[in-house]
Every structure is written in C-alpha cells, then in structure tokens.
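Work through the exercises below with the structure in view, trying each task before reading its solution.

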Amino acid sequence: MISTPTIRHIAGGIAFALFTGLAAANPNTDALVTTDWLADNLDRDDLTVIEVSVNPGKFERGHIPGAVNFRWHTDLVDTVRRDIVDRASFQTLLRDAGVSGDDEIVLYGDTNNWFAAWGAWIFDIYGVDSVRLLDGGRDKWEAEGRPLSLRPASHPQGDIEVSEADESIRAFLPEVVEVASNEAANTQLVDIRSAAEYEGRIIAPDGVDELSVRAGHIPGAVNVGWGNAVNEDGTFKSADELRAIYAQAGVDGSKPVITYCRIGERSSHTWFALSKILGYDVKNYDGSWTEYGNSVGVPVTNLAGTVWGGQ
Amino acid sequence: MENITATDTAPALRRRLLFSTVLPTLIAAGLIAGSWQLSVSNGDPLALSLLLGATFGVLLQRARFCFFCVTRDFLDHRDARGLLGILAALAVGTLGYHLIFGLFVPDPAGGRLPPDAHIGPVSWVLALAAFTFGSGMTLSGSCISAHLYRLGEGAIGSVAALGGVLIGFGLGFATWNTLYLAGIDQAPVIWLPDLAGYGGSILIQLGGLGLLALALMRWHRPAGPAKGAAPASFRGRLIGQRWPTYVGGLLIGALAVMAYLRVAPLGVTAELGSLARTAGNGLGVLPDRLQGLDGFSGCATAVKNVLLSENGAFIIGLILASLASALAAGDFRPQRVTVGKAAGSLAGGVLMGWGAMTALGCTVGTLLSGIMAAAVSGWVFALFCLLGLWVTWRIRN
C-alpha cells in the first residue's frame with residue numbers, strides 16, 4: 001500500500017514537471033499567445049486581434065478572421081514628423097477598431113512580427129495594458145494552414161482612453177550620444193543589425209531606401225542580431241535561452257538597456273524579448289542608425305573603416 | 001485541327017497526330033506537373049501564376065486577342081468585333097474588380113489605393129509613353145502580349161520584337177530619372193472610386209464602355225458569312241476555329257479578376273523589365289537608383305533576385321500554353337522573316353519597350369488591368385496608345 005505522503009510527493013512531482021514543461025514551452029504567457037490559443041479564443045467579444053504588417057496588401061489579401069488592420073506607415077507613425085503616432089490619433093485608431101478599456105489585444109504581423117512588435121511598443125508608450133504578441137506571427141499561422149479571411153471586420157465603436165506618452169521606454173539621440181560618449185556608462189546598447197552593418201563593412205543591406213552617410217555602430221554597443229531571439233518557426237526562444245544568449249554579450253539585466261537597428265522596427269522585436277519576456281529595463285531607440293549615422297558630431301565606431309562613397 | 005483525309009499517307013497521319021494531339025497533350029501535362037511541383041516547392045502563388053499564364057495564353061491564342069490586330073481590323077475593314085471583345089473584357093473586369101475592392105478597401109474615399117492594382121500617375125509622360133507604345137505596335141505588328149502568344153504560333157519575327165522590347169526597357173530605365181522629375185513625381189494618381197464611390201465608379205466605367213460599344217456597333221460594317229464553309233463540329237469550334245473575340249474577352253475579364261484576387265493583376269512586362277534592368281545593372285549602364293519607381297503600382301520591374309518570379313512563371317505558362325493551343329489548332333506555322341521585316345519588328349519592339357517601362361505597363365498591365373481597376377491612367381494610356389497606333393498606321397499606309 002502506498003502511503004499518503006508518497007502520493008502527495010508523486011503528485012507534487014507531476015505538477016512541478018508540468019509547470020516547468022509549460023514554462024519552457026511558453027516563456028511568459030503575459031507577453032505571448034500561441035497560435036492554438038488564438039484559434040480557440042477568436043470568437044471572444046473582449047478580444048481584439050490587430051494585424052500590423054509592413055507589406056501593403058498583406059492584410060487585404062487574407063488575415064486572421066476578425067482581425068483589424070493597423071498600417072504601420074500611416075497609422076502607427078506620424079506621417080509628417082519623424083515621430084510615433086500622436087496620442088489623439090492613436091486613441092481614435094483604437095476606438096475605431098472597437099477597443100474598450102478592459103479588452104484584451106493580440107498583435108501579429110508579417111516579417112517575423114517586427115512591425116507588430118513596434119505596435120506593442122506603441123501600445124506600451126500609451127499605457128495600454130493587456131497587449132500580447134502572437135508567437136511566430138503571421139508566418140506561423142499561415143505555415144500551420146490556419147484559415148484566413150478576406151472580409152473586413154466590423155466592430156462597435158470602442159471607448160478606450162489612452163494615457164499621455166510614457167517616454168521612459170523610448171530613447172532619443174541626446175541620451176544615446178551620452179551613452180556613446182561614456183557619460184552614461186551605466187547603460188548598455190544593443191545593436192541588433194547584421195554583423196556586416198555593425199562592423200561597418202556595409203552601410204545598409206542591399207535595396208533599402210533609408211541610408212546613413214556613415215558606416216559602423218554606436219560606440220560601446222554590443223551586437224546581438226535580432227534573429228538570435230527566435231526559433232526556426234519564428235517563435236521566441238524560451239526565457240532561459242534568451243537570458244543565456246544576451247548574458248553572453250554582457251546584457252544580463254543589471255543595467256538599463258537601449259536597443260537599436262536601422263529604422264527602429266527590428267529593435268522593437270528585441271525590446272519586446274528583453275523587456276516583456278525577460279523583464280529587463282529597456283528603451284527602444286527608434287531614430288536608430290539612420291538618425292545616428294547621419295548626425296553631425298557624434299562618435300562612431302567603424303571597425304571596417306568604410307568611407308561613404310556618395311556624391 | 002485540320003480534317004484527316006483518306007489521301008493521307010501513314011507517315012503523314014502519324015506526323016499530324018504527333019503535332020496536333022501528342023505534343024499539345026504532353027505540354028499540357030507538363031504545365032500541370034510543373035504547377036504541382038511549384039506548389040510543393042514554392043507555394044501557391046508561383047504555381048497559380050503558371051496556371052493563370054497558361055490559361056491567358058490559350059485565351060489569347062484561341063480568340064486572337066491582339067490589341068493591334070483587332071484595331072487594324074477596324075481601321076482597314078470597319079470590322080469592330082475584335083474591339084468589342086476588348087470592351088467585353090473591360091466590362092467583366094470592371095464588375096469583378098469593384099467586387100473585390102469592396103473587400104480590400106471598405107472606404108474608397110479615404111485616400112488609400114487597393115493593393116497592387118495598376119493605378120498610376122496621370123501626366124504628359126504617360127501620354128507620350130502610350131503614344132510611343134502605340135506607334136511601336138504598328139511598326140512591329142503586335143503588342144507585347146500578342147508577340148508572346150505568337151511565339152507559340154512559331155512567329156520568328158516576334159523574337160526580334162521581344163529583343164527590341166528588352167532594349168527599349170533599358171532605354172526607359174536610362175531616361176526614367178529625368179522624366180520622373182520632369183513630369184511624374186507631381187502627377188496625380190487618380191482612382192475613380194476615390195472621387196465617386198464604388199457605385200459612381202461602376203456607372204462611369206460601364207457607361208463609358210457602353211458608349212464606346214454603341215459607337216463601334218454603329219460604325220461596324222458586318223462581314224458576310226464565309227462562303228463554302230461547312231458547319232463545324234463542337235470539337236472543331238473549340239479547337240479548330242478561332243473563337244469570337246468577345247468570348248475570349250469575357251473569359252479574359254473573368255481571368256483578370258481571379259488573378260487580381262489571388263496573385264497580382266494581369267501584366268506581361270514585369271519579367272521582361274526585370275531581365276532588362278538586371279542586365280543593364282550588370283553592364284553598369286543604368287542609374288543605381290530609379291527615383292520613385294518602386295513606389296508605384298504597375299508592372300514593377302525589380303532587379304532579379306530569384307530565378308523564377310511570379311510574372312516569370314506567368315509568361316512561361318503563357319508561351320507554352322499558346323504553343324500547345326496553336327499546335328492543336330494547326331496554327332503553328334513558322335515562317336521565314338525578311339531582314340526588313342525583322343528590322344521593323346525590332347524597331348517597334350524598342351518603342352514598345354520604352355513606352356511600357358515609362359508607362360509602368362503595356363496594353364495588358366496599364367490598359368486592361370488599369371481600366372478594370374478604374375484608374376484614369378488606364379484610360380489615358382488607351383487613348384494615346386490608340387492615337388499612336390493610328391498616326392503610325394496612317395503614315396505607313
């Protein structure tokens with residue numbers, strides 16, 4: 001006969017194994033939802049699914065049923081100033097999408113959720129909680145052969161109130177220059193671009209319109225490509241794996257972090273991994289290399305010595 | 001297919017069977033197998049492009065859907081049936097496109113354009129490009145899409161014309177930056193539903209097409225019934241005889257709607273443009289940056305970074321299927337080409353290539369897909385292309 005304490009022991013062991021197994025499969029359920037979860041919850045009235053894709057026409061040609069389209073180029077940035085969307089426009093956008101105060105929101109998009117992560121950063125700036133990313137984004141949903149819809153969703157008008165912009169998760173040029181000049185040595189910069197861009201061998205990848213006149217990186221930045229944060233299917237790696245990857249580059253959460261890339265969208269993805277999954281104190285520098293590498297009088301580390309060849 | 005007669009010898013019969021039945025069947029099987037292979041290895045859009053291109057090729061070949069030929073029929077003989085076929089395609093396409101637009105852009109007055117639709121800037125550059133394209137059509141004897149399906153009919157002269165098109169595209173890239181700043185960058189991109197709503201846009205489009213159809217029917221001089229022709233069997237009507245252009249037009253209108261919904265609007269120059277741009281870049285003779293080009297919808301001409309693009313698969317399907325169709329119908333007749341004729345084709349091709357690049361597409365992309373999309377640029381292209389065709393036709397006659 002098995003004693004009661006032994007049964008309790010075994011049950012406890014099973015519960016612990018289940019808990020750790022789940023935790024490894026889904027690092028932080030507060031930040032991410034799986035495709036399975038979303039498929040099961042699509043019909044909920046208090047859930048708004050929003051697609052933020054960068055490729056025009058992606059949403060229109062088929063989207064997760066019931067999803068609303070936020071266009072990165074015009075909805076989540078200011079179209080005149082180089083800036084993020086202003087508070088009033090963002091609030092209108094959310095209300096038109098049917099978002100009310102306590103609704104849950106799931107964001108997803110193309111190109112590995114880069115622009116959806118930008119969306120998550122904007123939601124955070126304006127104090128909108130209950131926002132999660134679809135792990136693996138649109139690519140995973142499609143790869144699993146899940147249904148897409150052509151029909152535009154119609155929602156009753158929402159009544160959400162968004163807060164004033166919280167700039168504490170956004171880095172601007174003066175602060176970045178302070179870090180680069182070693183005047184804010186307590187802050188860690190993470191450059192998530194390719195090694196070739198980081199080392200200054202190329203100014204930007206082939207075919208991009210946004211360029212800088214200088215090659216290289218911000219002094220003191222470490223290079224951890226955004227792709228290090230994801231598995232082959234585009235889902236985020238587990239929290240333990242992420243912690244180890246960034247710790248190897250000296251980013252362990254003991255200091256505040258600033259992430260940057262070329263225009264600030266891929267760095268949102270790393271901002272999401274570091275702040276939302278690992279809980280570090282992170283700012284995204286949306287000016288990124290196109291601003292920094294074009295600024296006059298700022299220090300640049302250019303390992304390859306590439307000189308701008310433009311006329 | 002020509003009738004098999006009792007006087008055919010056994011080898012002639014075998015030859016006839018090989019060309020009219022075996023080869024077309026093999027090509028059709030190859031296209032289906034290729035599409036299946038593409039769907040496994042590259043996903044649906046590429047596989048669909050190949051099948052849509054093949055269907056387009058069969059329709060062009062069967063219905064002799066050639067913009068220049070049907071216009072010449074009208075100018076030479078007042079035979080308006082071909083032009084009416086084009087109007088039929090535009091009417092069906094207009095209805096289908098507007099149906100899809102309602103899904104893609106619920107509020108057409110918001111200043112946003114439907115994705116990928118061929119709605120271009122309206123400027124004097126577009127008018128000049130369309131005029132040049134029309135002249136090139138007359139000189140070379142066909143528009144670009146017709147040259148492509150004529151390849152399948154064994155038209156050797158079309159090779160010269162398509163070579164000219166590649167050269168013309170190169171010239172188009174070379175002059176693009178100058179023309180862009182001179183007349184394109186400030187030009188308005190006018191989409192009728194933005195101005196008049198979907199209902200108004202359909203009324204304007206179908207009203208315009210209806211008026212044109214009425215005018216053509218009034219000018220039409222009916223051709224007498226063919227003398228001595230025996231009534232054809234169903235198989236003969238389907239495979240042996242040409243289809244009336246309106247049948248091709250109605251089916252092409254439907255095909256255009258399907259293509260826009262699932263892959264991209266019909267267009268035949270993107271792949272040719274990409275080849276020319278990649279070659280020009282390789283030779284170092286083109287500008288590094290083509291200002292604003294990638295921001296416009298139309299037959300976009302990206303530098304080639306994949307061997308088989310969607311438009312490339314579409315063109316391959318078009319040529320192979322028109323070859324199969326021509327073989328089955330007995331329309332495959334390679335002919336000798338004189339140097340003078342080849343030179344005319346080449347020169348016409350150059351004009352068409354320059355015009356198609358500068359107008360962001362040709363009679364298929366800018367005219368057919370553009371007008372179906374209720375783009376004013378499509379109508380402007382049609383007008384000036386016709387003008388260029390007519391002026392050159394008058395000079396040649």
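Two exercises follow, on the contact between two chains and on confidence.

This is a predicted model, in which local features need pLDDT of at least 70 and side-chain atom pairs count only at pLDDT 80 or more, whereas totals for chains, interfaces and linings use all residues. Residues are numbered from 1 along each chain as its sequence is written, chains are lettered from A and ligands numbered from 1 in the order in which they are written, and side-chain values use heavy atoms, with hydrogens and water left out.

**Exercise 1.** Describe the contact between chain B and chain A, from its area to its salt bridges.

*Solution.* Begin with the residues in contact (heavy atoms within 4.5 Å): chain B supplies 11 residues and chain A supplies 13 residues. Next, take the buried area, the accessible area (1.4 Å probe) that two parts lose on being put together, summed over both; here the area is about 960 Å², and carbon and sulfur atoms give 50% of that area. On the side of chain B, the residues that lose the most area to chain A are B:Leu103, B:Phe104 and B:Arg112, which together account for 53% of what that side buries. Finally, count the salt bridges (a side-chain nitrogen of Lys or Arg within 4 Å of a carboxyl oxygen of Asp or Glu): there are two between the chains, and one of them joins B:Arg112 to A:Asp75, with the closest N and O atoms 3.2 Å apart.
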